[in-house]
Amino acid sequence: MALRQIVNLPEPILRRKAKPVKKFDKDLQTLIDDMIETMREAPGVGLAAPQINVSQQLAVVEYAEGEDEDDNEDAPPKPKKLYVLINPEIIKVSEEKVIGVEGCLSVPSLLGEVERYESVQVKALNRHGNIVKLKAEGWTARIFQHEIDHLNGVLFTDRATSVWTPRVDEEVDLA
Ligand code: ZN
């Protein structure tokens, strides 16, 4: 495995619609493993292939739902879940939308408030090329929407109702 370099705006690949993945070969497995390693090293909770200069419809997400809720500090930490999304499609969304603060590994100098669906259902292929249907809610749903936007050349700043330069002590999960 190897770390890949994360590209930032105004890199044009971030604005392009990525191409569907067609070959589930060894190179794809290496790419997926590199993306997982790069996401963890960043550190981030999600990473889409265009962010490492690869225009393919592939994203990885790793998040433990509930890790931002500090009202229950004695509870054991929830395990992180790793998702590999290939050619993902949002097939169902909740009526409810929620506003949250997002940051992006490719837009390092800004945070923004973004409205997202509270829950989504996503159809995708896994790393072996099998169809999977995933239900996500809360922050996991937000990260899925952020990553699928990346595959369509859309950045959180396009959707944000306000953006600002983060304060030194302002910590937000990046994706
Ligand atoms: Zn991002």
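**Entry 1: the zinc site**

I began with the spacing of the zinc donors along the sequence, and it reads C-x41-H-x3-H-x24-A. The model is a predicted one. I then listed the donor atoms: the zinc ion is coordinated by SG of Cys104, NE2 of His146, NE2 of His150 and O of Ala175. The distances run from 2.0 to 2.3 Å.

I next asked what arrangement the 4 donor atoms around the zinc ion make. They subtend angles of 96 to 138°, which makes the arrangement irregular.

I looked up where His146 and His150 lie, and found both in helix 2, residues 138-151. They are 4 residues apart, about one turn of the helix. In an α-helix, residues three or four places apart point the same way, because there are 3.6 residues a turn.

Are His146 and His150 buried or exposed? I found His146 buried, with a relative accessible area of 4%. His150 is also buried, at 1%.

I traced an open sheet of 5 strands in the order 1-2-3-6-7, with antiparallel pairing. Its edges are strand 1 (46-48) and strand 7 (131-137), each of which pairs on one side only. From one strand to the next, the twist averages 40°.

Within this sheet I followed strand 2 (residues 58-63) against strand 3 (residues 81-93); the two pair in the antiparallel sense over 6 bridges. As a reference point I noted Ala59, which stands opposite Leu85 in strand 3.

I then checked which helices lie across these strands. Helix 1 (residues 26-41) lies across strand 1, strand 2 and strand 3, and runs at about 40° to strand 2. Helix 2 lies across strand 1, strand 2, strand 3, strand 6 (119-125) and strand 7, at about 160° to strand 2.

**Entry 2: helix 1**

I recorded 16 residues for helix 1 and a reach of 23 Å from its first C-alpha to its last. That is close to the 22 Å expected at 1.5 Å a residue.

Which residues of helix 1 are buried? I found Leu28, Gln29, Leu31, Ile32, Asp34, Met35, Ile36, Thr38 and Met39. Their cover includes strand 1, strand 2 and strand 3.

I traced another open sheet, of 3 strands in the order 4-5-8, with antiparallel pairing. Strand 4 (97-104) and strand 8 (162-164) are its edge strands, each pairing on one side only. Direction ignored, neighbouring strands of this sheet are turned by 20° against each other on average. Helix 2 packs on this sheet, touching strand 4 and strand 5, and its direction makes about 60° with that of strand 4.

I counted 8 bridges between strand 4 and strand 5 (residues 107-117), which pair in the antiparallel sense. A hairpin of 2 residues joins strand 4 to strand 5. The zinc donor Cys104 stands opposite Val107 in strand 5. I also noted Val101, whose bridge partner in strand 5 is Glu113.

On the strand 8 side, I found 3 bridges joining strand 5 to strand 8, which run antiparallel. There Leu111 stands opposite Trp164 in strand 8.

Notes. Residues numbered from 1 in each chain as written. Predicted model: local features only at pLDDT ≥ 70, side-chain atom pairs only at ≥ 80, totals over all residues. Heavy atoms only, no water. Donors = N, O, S within 2.8 Å, 3.2 Å for Na, K, Ca; no water. Tetrahedral: all angles 85-135°; square planar, octahedral: opposite > 155°, others 65-115°. Buried < 20%, exposed > 50% of the residue type's maximum accessible area, 1.4 Å probe, protein only. Pairing = 2+ DSSP bridges. Axes fitted to C-alpha atoms, helices over the stretch in contact; angles between N-to-C directions. Contact = heavy atoms within 4.5 Å. Expected span 1.5 Å × (residues − 1).
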